[in-house]
Amino acid sequence: MTAGVALVWVAGWALAAQVFSRVISLLPDFAHDTVHLRKDAVAPLPPKSGLRIGIGHSIGGWWLAEQEAARDGLC
């Protein structure tokens, strides 16, 4: 069921994506990508490969909603 499904984790400005590491460790059946938002540099979304589910915290959720990739396979 989880084959080909990637969870994309995006934290807000004040937190690095490592804030999700404990939750990620509890979901070993999924592929995981993290995006780091920084005031001076924002990493792009990872390339699409199968179904991607975006999970954002704080401004990370807003950032995900604004991405063009959200209209191309990012749930």
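Burial covers 6 of the 6 residues of β1, so the strand is largely enclosed by the rest of the structure.

**The sheet**

Three strands make an open sheet, ordered β2-β1-β3, with parallel pairing. β2 and β3 are the edge strands, each pairing on one side only. From one strand to the next, the twist averages 25°.

| Strand paired with β1 | Residues | Sense | Bridges |
|---|---|---|---|
| β2 | 31–35 | parallel | 5 bridges |
| β3 | 51–56 | parallel | 6 bridges |

On the β2 side, A6 stands opposite A31. W9 stands opposite T34, also in β2. On the β3 side, V10 has G56 as its bridge partner.

Helix α2 lies across β1, β2 and β3. Its direction is at about 145° to β3.

**The cores**

Which residues make up the largest nonpolar core? There are 6 of them: V8, V10, V35, L37, W63 and L64. Two elements give two or more residues to this core, namely β1 (5–10) and α2 (59–66). Apart from it lies another core, of 5 residues, including L7, A11, F20 and I24. In soluble globular proteins, nonpolar side chains tend to be buried together.

**The aromatic residues**

The structure holds 1 aromatic pair. W9 and F20 form it, with 4.9 Å centre to centre and 40° between the planes, a tilted arrangement. The pair links distant parts of the chain: W9 sits in strand β1 and F20 in the loop between β1 and α1 (21–25), 11 residues apart. Both W9 and F20 are buried.

W13 is found in the loop between β1 and α1. Is W13 buried or partly exposed? Its relative accessibility is 37%, so W13 counts as partly exposed; the buried class stops under 20% and the exposed class begins over 50%. In sequence, W13 and S58 are 45 residues apart. In space, their C-alpha atoms are 8.2 Å apart.

**Confidence**

How far can the coordinates be trusted? The chain averages a pLDDT of 77, and 71% of the residues score at least 70. Among the elements of the chain, α1 has the highest mean pLDDT (92) and α2 the lowest (80). Where pLDDT is low, the predicted coordinates should not be read in detail.

Terms used
Residues are numbered from 1 along each chain as its sequence is written. Side-chain values use heavy atoms; hydrogens and water are left out. A nonpolar core is a set of buried Ala, Val, Leu, Ile, Met, Phe, Trp, Tyr and Cys residues joined through side-chain atoms within 4.5 Å. Buried means under 20% relative accessible area, exposed over 50%, partly exposed in between (1.4 Å probe, protein chains only). Helices (H or I, at least four residues) and strands (E, at least two) are DSSP runs, numbered from the N terminus. Two strands pair if DSSP finds at least two bridges between them. Rings of Phe, Tyr and Trp (its six-membered ring) pair if their centres lie within 6.5 Å; planes under 30 degrees apart count as stacked, over 60 as edge-to-face and the rest as tilted. Axes are lines fitted to C-alpha atoms, for helices over the stretch in contact, and angles run from 0 to 180 degrees between N-to-C directions. Contact means heavy atoms within 4.5 Å. pLDDT is the predictor's confidence in each residue, from 0 to 100.
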